[in-house]
Amino acid sequence: MACLRPRKHFLRIQIEFEKSQRIEVDARMCKLMLMAAVRSLFGQCGSAGCTIDVISFEELSRVAVVCVDSEYVVRFWNALTLMSEYDGRRCCVRVLQTAPFSTSLAFSSRLAF
């Protein structure tokens with residue numbers, strides 16, 4: 001029996017800035033921040049194949065669902081973990097949930113029962 005590996009991987013992330021900074025982030029800026037994080041860690045050539053799609057973005061909570069190719073999910077997660085600033089402003093990105101299928105993000109086993 002063959003095991004099929006999904007081509008895409010989905011992550012639910014949250015972008016946080018220092019409390020003193022009031023910064024409005026939209027989906028476009030979110031994607032730019034994520035691409036900049038990957039580029040700063042792996043360079044132009046290392047980030048060339050990593051495509052990032054922002055599926056949804058909640059502006060108030062700054063929570064996004066992001067889709068990346070499965071072969072780049074580890075690089076992408078590393079870049080998010082090491083991101084400490086964007087455009088001269090201190091920030092961090094928290095990975096809240098990850099799944100190989102988008103429907104898996106709809107349910108959290110921590111909230112069940």
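Me: Buried means under 20% relative accessible area. With that in hand, why does Cys 50 count as buried in this predicted model?

Reply: Cys 50 has 10% relative accessibility. That is under the 20% limit, so Cys 50 is buried.

Me: What keeps the sulfur of Cys 50 from a bond with the closest cysteine sulfur?

Reply: Distance. The closest cysteine sulfur belongs to Cys 67 and is 10 Å away. A disulfide needs the two sulfurs within 2.5 Å, so this pair is too far for a bond.

Me: Why is Cys 92 called partly exposed?

Reply: Its relative accessible area is 25%.

Me: On to His 9. Where is it, and why is it called buried?

Reply: His 9 belongs to strand 1, which covers residues 8-17. The relative accessible area of His 9 is 17%, under the 20% limit, so it is buried.

Me: What makes the pair of His 9 and Thr 98 a polar contact?

Reply: Their side chains come to 2.8 Å. The limit for a polar contact is 3.5 Å, so the distance passes. Thr 98 is also among the residues in contact with His 9 beyond four places in sequence, along with Val 66, Cys 67, Val 68, Ser 70, Val 73, Ala 99 and Pro 100.

Me: Which residues touch the most other members of the largest nonpolar core?

Reply: Ile 13, Val 25, Met 33, Leu 34, Ile 52, Val 66 and Phe 76, out of 27 residues. At least two residues each come from strand 1, helix 1 (27-46), strand 2 (52-58), strand 3 (63-69), helix 2 (73-82) and strand 5 (89-99). Helix 1 gives the most, six residues. As a general matter, nonpolar side chains tend to be buried together in soluble globular proteins.

Me: What does Met 33 touch, sequence neighbours within four places aside?

Reply: Ile 15, Phe 17, Val 25, Met 83, Tyr 86 and Cys 91. There's also a second, separate core of five residues, including Val 65, Cys 67, Ala 99 and Leu 105.

Me: What makes Arg 75 lie over the face of Phe 42?

Reply: Arg 75 is 5.5 Å from the ring centre. The distance limit for a charge over a ring is 6 Å, so 5.5 Å is within it. As for aromatic pairs, the search of the whole structure finds zero.

Me: Buried or exposed: how do you label Arg 62 and Asp 87?

Reply: Arg 62 has a relative accessible area of 17%, under 20%, so it is buried. Asp 87 has 59%, over the 50% limit, so it is exposed.

Me: Why is Glu 85 called partly exposed?

Reply: Glu 85, in strand 4, has a relative accessible area of 49%. Exposed needs over 50%, so Glu 85 stays partly exposed. Beyond four places in sequence, Glu 85 touches Arg 90 and Cys 91.

Me: Last one: why does Arg 89 get the partly exposed label?

Reply: Its relative accessible area is 30%, between the 20% and 50% limits, so the label holds. Arg 89 is in strand 5, and it touches Phe 17, Gln 21, Ile 23 and Ser 84, leaving out residues up to four places away in sequence. From Arg 89 to Gln 21 it is 68 residues in sequence but 8.1 Å in space, C-alpha to C-alpha.

Key
Residues are numbered from 1 along each chain as its sequence is written. This is a predicted model: local features need pLDDT of at least 70, side-chain atom pairs count only at pLDDT 80 or more; totals for chains, interfaces and linings use all residues. Side-chain values use heavy atoms; hydrogens and water are left out. Helices (H or I, at least four residues) and strands (E, at least two) are DSSP runs, numbered from the N terminus. Buried means under 20% relative accessible area, exposed over 50%, partly exposed in between (1.4 Å probe, protein chains only). A polar contact is a pair of N or O atoms within 3.5 Å; within protein, one must be able to donate a hydrogen and the other to accept it, and residues adjacent in sequence count only if both atoms are side-chain atoms. Contact means heavy atoms within 4.5 Å. A nonpolar core is a set of buried Ala, Val, Leu, Ile, Met, Phe, Trp, Tyr and Cys residues joined through side-chain atoms within 4.5 Å. Rings of Phe, Tyr and Trp (its six-membered ring) pair if their centres lie within 6.5 Å; planes under 30 degrees apart count as stacked, over 60 as edge-to-face and the rest as tilted. A charge sits over a ring if NZ of Lys or CZ of Arg is within 6 Å of the ring centre and within 35 degrees of the ring normal.
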